[in-house]
Amino acid sequence: MCLEFGGALDVRAVLEFVDSGRDLVIAADGSASDLIRDIATECGVDFDEDSEAVVIDHTSYAVLDGEGDHSLIASDEFIQSDVILGSKKIEAPVLFKGIGHTLNAANSLVLKVLSASPSAYSTNPETELSSPPSLTGAAISLVSVVQARNNARILISGSLDLFSNRFFRWGVQKAGSLEKDSWKILVSDYRHAKSGNEQFVTELSKWVFHEKGHLKAVNVRHHKVGEVTEPAMYRIKDDLEYSVEIYEWTGNSWEPYVSNDVQVQFYMMSPYVLKNLSTDQKGMYSTSFKVPDVYGVFQFKVEYHRLGYTSLSLSKQIPVRPFRHNEYDRFITTAFPYYGASFSTMAGFFIFTFVYLYSK
Amino acid sequence: FFYLVRVGHPINYYLQFVTRFYIHFTAEQVVYMAIVGSFPFNSFLSGVLSCVGTAVLAVCLRIQVNKENKEFKDLPPERAFADFVLCNMVLHLVIMNFLG
């Protein structure tokens, strides 16, 4: 088994490439070397350990299969995300022939983009099955993506033929769809003239190479209501405004990103204020709130992690001071008894002097 | 009503009234502070000290004016009263400043 690609390219070099923030597409099939499997494992995806295994599905295979062992499968279990797969629904299933992989359930950075149907399993088609296969059902992922914490994106596919012109052009008829939909009258439901491969691959590659779903946040500003400059320090119970601009890259320009669930936190050990930012539809998000009654060093934090989008983690530190001596209310309501007592002693003293001097 | 204790000279009557009333008032303020919390602590202190201070000065005046008291036999009562007035002025000046 080859241990390097040739030259200086090995597992470590590829991983450094990803760590530097760049994107990667890995496609493997049954003849994949250990090197490719290692890279995939480092990215969070585990290919089937048996190097002869392919994914077989006896109810979701494509009827144009030439070999008859149902290893050419047609899958339409897509991830529900307009960002990753485009807003236009992929009508036809995607043809797939190759190996399957699983994802670690504890890994939050890996997503299954195309998964196998519940009746699929991964095994060597040449030999008889002596024990139940280890990879079965919807746990098998056929194509997955990883978005790393530095926003590098990796596409991992278990089939090289998925990307081939052959699969792009073929029509798809899913076996078993006749029985499933036999009560339907429309013919077009189960016989598609063109597979969904081309649309699937095009949209997915746009996403992997950051032409979709790539956000940037600029111009973080905060100031007191009514002012324009950013103060170095806030006082408790001040009214302040916070604004940020978020744009999305569309492949040739930055368009304003429109969403209504971006939130800002006023944070010191735990968020004291958590508010939704309202947008003006042109990429400017702003809100205003009152500084809480606690002093210390706070941070304005925006943590925005959504499926398919780059994660935004902005934070800006600002201290908050208590009232100065002359910023309190002039007459404090809770102190009225004390005011009353002091003035009554003075009045008492005054009256007493009169009584003392003028009584016999 | 324990403020009104008749002890001969009407001055004593008034002075006892003043002393006892203001000590009662102090106790009330401390209880109020225990309930509400000591937020404007300077106001609390000035209220309490004004009551305690006037009570103490009234007691001093009463001691110095009382003719049966051997220590202050040579002290003219007018001088005692002048001291009383002066000390009260200073006390109330401080109170007003500290009230905040």
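Analyst: Two residues are in contact when heavy atoms of theirs lie within 4.5 Å. With that in mind, the part to look at in this predicted model is the pair formed by helix α1 of chain A, residues 11-19, and helix α2 of chain A, residues 34-42. Their axes come within 10 Å and cross at roughly 35°, and the crossing in which α1(A) passes α2(A) is right-handed. On the side of α1(A), the residues that take part are A:V11, A:V14 and A:L15, and they meet A:L35, A:D38, A:I39 and A:E42 of α2(A). Sorted by kind, the residues of this contact are 5 nonpolar and 2 charged, with no polar ones.

Elsewhere in chain A, A:T102 has its place in strand β7, which covers residues 101-103. Is A:T102 buried or exposed? The relative accessibility of A:T102 is 19%, and a residue counts as buried under 20%, so A:T102 belongs with the buried residues. Leaving aside residues up to four places away in sequence, A:T102 touches A:G44, A:V45, A:D46, A:L135 and A:A139.

Two loops of chain A deserve attention for their backbone angles. Most residues other than glycine have a negative phi. A:K237, however, is not a glycine and has a positive phi of about 65°; this residue sits in the loop between β15 (234-235) and β16 (239-249) of chain A, where its relative accessibility of 38% makes it partly exposed. A:Q281, likewise a residue other than glycine, has a positive phi near 65°, and it is found in the loop between β20 (278-279) and β21 (284-290) of chain A. With a relative accessible area of 51%, A:Q281 is exposed, because exposed means over 50%.

The surroundings also include the partner chain. Chain B contains 3 helices and 0 strands, so that its elements, read from the N terminus on, run α-α-α. Among the contacts in chain B with a separation of 6 or more, 55% are accounted for by residues 24 or more positions apart. From C-alpha to C-alpha, B:A27 and B:V48 are 8.5 Å apart in space, while 21 residues separate them in sequence.

Finally, there is the meeting of the two chains. The size of an interface is often given as the accessible area lost when the parts come together. Between chain A and chain B the buried area is about 2300 Å², and carbon and sulfur atoms give 78% of it. Chain A brings 23 residues to the contact and chain B brings 33 residues. On the chain A side, A:Y338, A:F349 and A:Y356 lose the most area to chain B, and together they make up 32% of what that side buries.

Conventions:
Residues are numbered from 1 along each chain as its sequence is written. Chains are lettered from A and ligands numbered from 1 in the order in which they are written. This is a predicted model: local features need pLDDT of at least 70, side-chain atom pairs count only at pLDDT 80 or more; totals for chains, interfaces and linings use all residues. Side-chain values use heavy atoms; hydrogens and water are left out. Helices (H or I, at least four residues) and strands (E, at least two) are DSSP runs, numbered from the N terminus. Axes are lines fitted to C-alpha atoms, for helices over the stretch in contact, and angles run from 0 to 180 degrees between N-to-C directions. A crossing is left-handed if the near helix is turned anticlockwise from the far one by less than a right angle, and right-handed if clockwise. Ala, Val, Leu, Ile, Met, Phe, Trp, Tyr, Cys and Pro count as nonpolar, Asp, Glu, Lys and Arg as charged, and the others, Gly among them, as polar. Buried area is the accessible area (1.4 Å probe) that two parts lose on being put together, summed over both. Buried means under 20% relative accessible area, exposed over 50%, partly exposed in between (1.4 Å probe, protein chains only).
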